[in-house]
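This report describes selected features of the structure shown below.

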Amino acid sequence: MDSLYQFAWLIPVLPLGGAFLVGLGLISYNKQTNALRQINAAFIVSLMGAAMVLSFAILWSQIQDHDPYLMTFEWASAGAFHLTMGYTIDHLTSLMLVVVTTVAFLVMIYTDGYMAHDPGYVRFYAYLSLFSFSMLGLVVSPNLVQIYIFWELVGMCSYLLVGFWYDRKPAANACQKAFVTNRVGDFGLLLGILGLYWATNSFEFDIMGERLQSLVSTGELSGVVAAIFAILVFMGPMAKSAQFPLHVWLPEAMEGPTPISALIHAATMVAAGVFLVARMFPVFSGISTAMQFIAWTGAITAFLGATIAVTQNDIKKGLAYSTISQLGYMVMAMGIGAYSAGLFHLMTHAYFKAMLFLGSGSVIHGMEAVVGHNPALAQDMRLMGGLRKYMPVTGLTFLVGCLAICGIPPFAGFWSKDEILSSAFAANPALWLVGWLTAGLTAFYMFRMYFSTFEGDFRGNINALREQIDGKSPALNFGPGAMDPRELTMVAEQEAHHHDDHHHADEPHESPITMTLPLMVLALPSIAIGLLGMPFNNRFEAFIYAPGEANAALEAAAEFEWSEFLLMAGNSVGIALIGITLASLMYRTRQVDPAAIANRFPSLYEFSLNKWFIDDLYERTIIKGCRRIARQVLEVDFKVVDGIVNFAGFLAVLTGEGLKYLESGRIQFYLFIIFMAVLGISIATVI
Amino acid sequence: MNPDTFPWLSTLIFFPIVATVALPFIPDPKGKGDPIRWYALVIGLIDFVLLIYAFYTQYDFAESGLQMVEHYDWLPQLGVQWSVGADGLSMPLILLTGFITSLAILASWPVTYKPRLFYFLILAMYGGQIAVFAVQDLLVFFLVWELELVPVYLLLSIWGGYKRLYAATKFILYTAISSLFILVAALAMAFFGPDLTFDLQSLAAKDYPLTFQLLCYTGFLVAFAVKLPIVPLHTWLPDAHGEATAPVHMLLAGILLKMGGYALIRMNVELLPDAHAYFAPALIILGVVNIIYAALTSFAQRNLKRKIAYSSISHMGFVLIGIASFTDLGMSGAVLQMVSHGLIGASLFFLVGATYDRTHTLILEEMGGVAQNMPKIFAMFTTCSMASLALPGMSGFVAELMVFVGLATSDAYSLTFRVPVVILAGIGVILTPIYLLSMLREIFYGPENKELTSHEKLVDAEPREIFVIACLLVPIIGIGLYPKIITQIYDAKTTQLVAYIRPSVPSIALRETTTVASASSDLAQAEFRQAPLLKPSEF
């Protein structure tokens, strides 16, 4: 079996090879490479498939209790400093490998259908492959520096993919915002890494944790400093996993094509933050302040995401806020020490949220046939409705996803969310309360989404509504900060110009098999994978447990009490059902008018619609402030610093002109100055 | 001919200069300058191949001292010698010079105005720059440093943009006045003590009093600060860079700036270590100012060339911090940052030139949506910008990481000094992507700019341009993936240098003499270092 481990580096390298070859083809033989669309795609998908098979083999071998594996080589050195790189394979890695490769593989198949008419089809596959490489490299990293390297690389891939349609202005803004916001988090991560290295002289997770523990216990390092380091490191996950207050980039990242929203911004990259917290668990778990901070960040984010998702009309933005909220659950779980619960939710969420996003992509694909290639129209739920009739597979899988995320047993989300909530209750009832309320909101907004998209009558052909949404009529009802309506019209005109020839059907249609097949495949884990983590027979926890607390699963199983489980589960299912019922009354049977509720509580409605005003706040303070400072510095540079230089030059010319009449030539003057200077220095020395 | 005694470095310096003699006689029947271009390119490549050969056969990585040494008496009365040699500080930069200059010749294919003079100057610069990095005599160093200015001045003032005369004059005044300080300090050091000498090693052996060291250090620092450049002596650079043509640009950013960093290590650090210990905190502060100040000005700049010029200044801040960190890692990072920025800066400036050739404007507002007609240039520009913002997997990241870790773990400074410095330098990590990505967005993203495309024909990159960028990207990514390929060239030298200067820092010297306290802490350190890497059984 060891040879399997010796070749495990192939898992990230295979997609890299694919990206490299196709990229090389694109830059040197652009036309020819672009002409071989599906051949390129098949090449990249099959490489991904090979990586997936390898990952399954490794997971199997890890389940059979194979020892963890570590391979390193010296990467950089200077004097006594040595830094190694390599790869490590343990339970957590093998799980992440399988999650990433399966979702990536399915998303790649889906892409063939979704991007079929896009001129950037081949380039998109190259980027996808590059991203898969970075993400797989991240999960096999044996130390913090290597994690940081791949951390940045996934960020770069996200930048490229969000800005994939570079002719769209909102995409250009979104990709920059994503990268810069992530850099703010990386800034903290870098400082944290430096601090931890300074304190412990190591980049390895276990060693760092151990030494930090002993340094704090002997009093050599104050606990406050250790907590600051931990929180700085946690800034990285805050940005990458879109935690409050660095969550602002994720909804805007929805400007990218939908397959990457599923792969990067739902299943894998955004979960990397949770993964890093899991990796850093040996360090974090000993610092209770940091753990509290993490838990509360997660709880606030979960609540914030859910409250904003309630009023979103763009189907992808709604799902994005839902992702933020679910990531908040995972981070909260990590913060209260529920290691395996958090990772369990990461896995189930990866599958069902990827499916939901791919489902939304299928919806958008269908809508584009009616409203044209205008994201503002094709993604707006107010124009949808009744799609279940036209798109049965998409509708059914979306329903499965909704049930899974709402936590209805026996779907996947129930088991993972319930585990988090019961751990939260044990740790701090206040956290549980936030999580519980969020669960209700989750059920409400997900079924609001489901009902307004798939039930009722199709509204896509109501022209007045279309024009209103498109921003052409003055009654604009867009969330501020979403986009500038003028930009939308500009894009819309351009898009219409480009694509006028192939839309204008009256009814949406079901997507091709390449798109529906991944949906159906993903529906299986969304339904059943939760059964691995039933609290009375928790196989997941027996496999994934926090470093240093082996056999926690057995203890948990021994302590298991039906009454407690039923109480907790009953509570969370109960509030989910309330949410679903409300959504049904408001958006399916329409017995309650949502607009009336919004009018009753205008401030709350505005608060949610404007995303808690966080984006506006950033725009007004940080972004404008930054611009102003930069302009002022430039002015100082131009007027003061350069001004003095020019003035000095002017003076020099004057004196030079003057000296011309005093001295017979310049060379003497030059020598004279030199002589005086040397003399000066010599005298100064003697003194 | 025995390869071990062959004067390699002198040959490398004089071959391109001597080869210029033939330039006026090359027939150019079509008047387009093609034969001249090919001639210059061949000369450049021959010199580069010779350089690689000499490097392979004569240069020993493990040796920290000077290698390939040549001594010839020139003015024995004054103790002036033609003495050249290469050690770990010189060698990477000499290699960089050969590489960038050869590529710059290839990059200057579109230059059609006065090709003979142009290539004469480029080839003269080729030899001159190698000489700056190779000479081991302070007076000769000053001479080649000065001679270097002449080709740059002419290249700026003849082939530059609209404000070329202003920029060239500013450049020459700035650098000429500042290099006066070199001469003064050099003379003072040469005449100090019983024997008159300009040889660097003999100068290093002299025992200068501290006041003298501080004065000389100040003199050198002013001169090299202009070249590097260090804020506030940087204002010549945006003007010079803003007006230069792409190949000159590549040379300015790729090599000329590195002369400042190189000389700072060679003269200030190596010759005057005691003064360096006094000045180092100031250097670190200046480095941080460079990083943040230039990043902010770059963000506000609306002119593409000036924007990238300021980004160069910002990146040089890391060199300063590394030099002043008193750690192996920091010093190593500083040298790597010079090499890395040489490659990245050259590639960015080349691409700016390529973009300008098409859009004929440098004002960001007048561009926009260019990517649709120039996807390849867009791809290359994005890649090089990523390299510049220190994306892992590329050279800039490794260099900046080394400087960061070096400073953070430096024992020459108190924690209260290091923490704010690391935080402020870290802010640079946020600012760099802001201005670079904004720049990309404004040039390439968005819908097609009809106003621009109506009067400019935007064609995509030609194979020559792709080749130049590919040549630059190979080492950029190579170093990023496996930094040892370059650090091993100079590791022996920087380690030796840091060990040599560390006793000059009072706090370190104190710690190393008070045995009891240091022994225990050293033991703790050693214990940490020797601790095994992650053992599989620990999972």
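Of the 539 residues of chain B, 59% count as buried; a residue is buried if 20 or more other C-beta atoms lie within 10 Å of its own, exposed if 12 or fewer, and partly exposed in between, with C-beta atoms placed from the backbone. The structure is a predicted model, in which local features need pLDDT of at least 70 and side-chain atom pairs count only at pLDDT 80 or more, while totals for chains, interfaces and linings use all residues. Residues are numbered from 1 along each chain as its sequence is written, and chains are lettered from A and ligands numbered from 1 in the order in which they are written.

**Chain B: fold and confidence**

Chain B contains 21 helices and two strands; helices (H or I, at least four residues) and strands (E, at least two) are DSSP runs, numbered from the N terminus. Along the principal axes, the C-alpha atoms of chain B fill a box of roughly 75 × 65 × 45 Å. Among contacts in chain B between residues at least 6 apart in sequence, 80% join residues at least 24 apart; two residues are in contact if their C-beta atoms, placed from the backbone, lie within 7 Å.

The average pLDDT of chain B is 85, and 94% of the residues score at least 70; pLDDT is the predictor's confidence in each residue, from 0 to 100. Among the elements of chain B, helix α3 (residues 90-107) has the highest mean pLDDT (92) and helix α21 (residues 515-530) the lowest (43). Over residues 515-539 of chain B the pLDDT is below 50, and this stretch has 23 contacts in the model beyond near neighbours in sequence. Where pLDDT is low, the predicted coordinates should not be read in detail. For the model, ipTM is 0.86 and pTM is 0.87.

**Hairpin and core**

In chain A, strands β1 (residues 69-78) and β2 (residues 81-89) pair in the antiparallel sense over nine bridges; two strands pair if DSSP finds at least two bridges between them. Opposite A:F73 stands A:M85 in β2(A). Two residues lie between the strands of this hairpin, where A:G79 takes a positive phi near 60°.

The largest nonpolar core has 436 residues, and A:V277, A:M332, A:A354, B:A186 and B:M250 touch the most other members. Such a core is a set of buried Ala, Val, Leu, Ile, Met, Phe, Trp, Tyr and Cys residues joined through C-beta atoms within 7 Å. Helix α17 (residues 339-371) of chain A gives the largest share of this core, 19 residues. Apart from neighbours within four places in sequence, the contacts of A:M332 include A:A295, A:G298, A:I420 and A:L431.

**Backbone details**

| Peptide bond | Omega |
|---|---|
| A:P409 to A:P410 | about 0° |
| B:L228 to B:P229 | near -10° |

A:P410 is in the loop between α20 (392-406) and α21 (412-427) of chain A, and B:P229 is in the loop between α8 (210-227) and α9 (236-243) of chain B.

A:D65, which is not a glycine, has a positive phi of about 70°. A:D65 is exposed, with 8 other C-beta atoms within 10 Å. A:K611 also is a residue other than glycine with a positive phi, near 55°, but A:K611 is buried, with 25 other C-beta atoms within 10 Å.
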